[in-house]
Amino acid sequence: MEFIPSIDIKNKKCIRLTEGKIGTEVIYSDSPLKIAKQFEDLGAKRLHIVDIDGAFNGEMINFDTIKEIRKNTNFFIDVGGGIRDFERIKMLLDIGINRIVLGTIAIKDPSFVEKSIENFSDVFTIGIDVKYDYVLVKGWTEKSNILAKDFIKEMSSFGINEFIWTDITRDGTMKGINTLGLKKITSFTDKDIIVSGGVSNIKDLEILINLNIKNIKGVISGKAIYTGKLDIKEALALLKKSKKLSKN
């Protein structure tokens with residue numbers, strides 16, 4: 001299991017939302033690059049970036065900021081938020097982004113995912129933003145009538161092998177991971193699941209490890225890091241130790 005710090009960018013600043021709601025944002029830094037380099041210095045290998053403006057408004061005003069992070073770090077980087085056409089996919093891949101996270105467009109136009117794989121190969125992760133088992137779209141503001149389990153099944157049929165599962169009721173709240181929802185969603189698929197939403201401290205990571213669910217491949221954390229509730233080095237050490245134990 002990999003520990004993945006998150007950087008949410010709004011108006012070129014590093015922010016966090018609570019339960020995905022605009023108006024709840026707290027600015028943690030005017031320099032997302034500075035935060036990214038801190039994460040890298042602490043030993044993180046993968047970085048999750050969310051373009052909040054893209055997610056809510058479809059505006060790609062943070063592209064230069066994302067490009068700056070890519071240019072000045074050695075992370076494996078995935079980017080999501082408002083990526084709804086081939087042009088944006090190509091722009092991000094051309095600057096060296098490793099994986100593209102698709103969300104709203106995958107719900108609104110599932111064939112777009114299939115066409116994207118045909119055009120750009122296997123570089124896509126599907127973001128599943130869930131509230132009470134149903135997938136949310138348009139920056140978490142709109143509830144679809146699609147169950148997460150059905151969504152995963154459809155996306156898997158196109159060849160998607162990695163999903164980021166976010167419980168929006170826990171995102172940015174630091175109330176802990178929704179283990180019941182996680183057990184439910186992982187029982188429907190053997191594809192790689194990256195867990196997001198609710199991580200509050202090292203104990204949450206211990207709980208996640210003790211679930212012993214084989215297809216949980218990573219865990220994303222944002223607010224807990226920024227508020228000092230979770231130490232990146234401690235998190236990385238714990239997951240490294242658990243990986244060694246699982247091999248023995």
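View 1. At 9% relative accessibility, N215 counts as buried (buried means under 20% relative accessible area, exposed over 50% and partly exposed in between, with a 1.4 Å probe and protein chains only). This is a predicted model, in which local features need pLDDT of at least 70 and side-chain atom pairs count only at pLDDT 80 or more, while totals for chains, interfaces and linings use all residues. Residues are numbered from 1 along each chain as its sequence is written, and side-chain values use heavy atoms, with hydrogens and water left out. N215 sits in the loop that runs between α9 (202-211) and β12 (216-221), where helices (H or I, at least four residues) and strands (E, at least two) are DSSP runs numbered from the N terminus. Apart from its neighbours within four places in sequence, N215 is in contact with T186, T189, D190, K191, D192 and I193, contact meaning heavy atoms within 4.5 Å.

**View 2. I100 in strand β6.** The strand that holds I100 is β6 (residues 99-102), and I100 is buried, with a relative accessible area of 0%. Setting aside neighbours within four places in sequence, the residues in contact with I100 are V79, I83, I89, L92, L93, V123, F124 and T125. For one of these, I89, the C-alpha to C-alpha separation from I100 is 7.0 Å, and the two are 11 residues apart in sequence.

**View 3. Helix α4 against helix α6.** Helix α4 (residues 86-94) and helix α6 (residues 110-120) pack at an angle of about 40°, with their axes 11 Å apart; axes are lines fitted to C-alpha atoms, for helices over the stretch in contact, and angles run from 0 to 180 degrees between N-to-C directions. That angle makes α4 oblique to α6 (under 35 degrees counts as roughly parallel, over 145 as roughly antiparallel, 65 to 115 as roughly perpendicular and the rest as oblique). From α4, the residues F86, I89, K90 and L93 meet F112, K115, S116, N119 and F120 of α6. By class, this contact of α4 with α6 has five nonpolar, two polar and two charged residues, where Ala, Val, Leu, Ile, Met, Phe, Trp, Tyr, Cys and Pro count as nonpolar, Asp, Glu, Lys and Arg as charged, and the others, Gly among them, as polar.

**View 4. Helix α1 alongside helix α3.** The axes of helix α1 (residues 32-41) and helix α3 (residues 63-72) come within 9 Å and cross at roughly 30°, which makes α1 roughly parallel to α3. Here P32, L33, A36, K37 and E40 in α1 meet T65, E68, I69 and N72 in α3.
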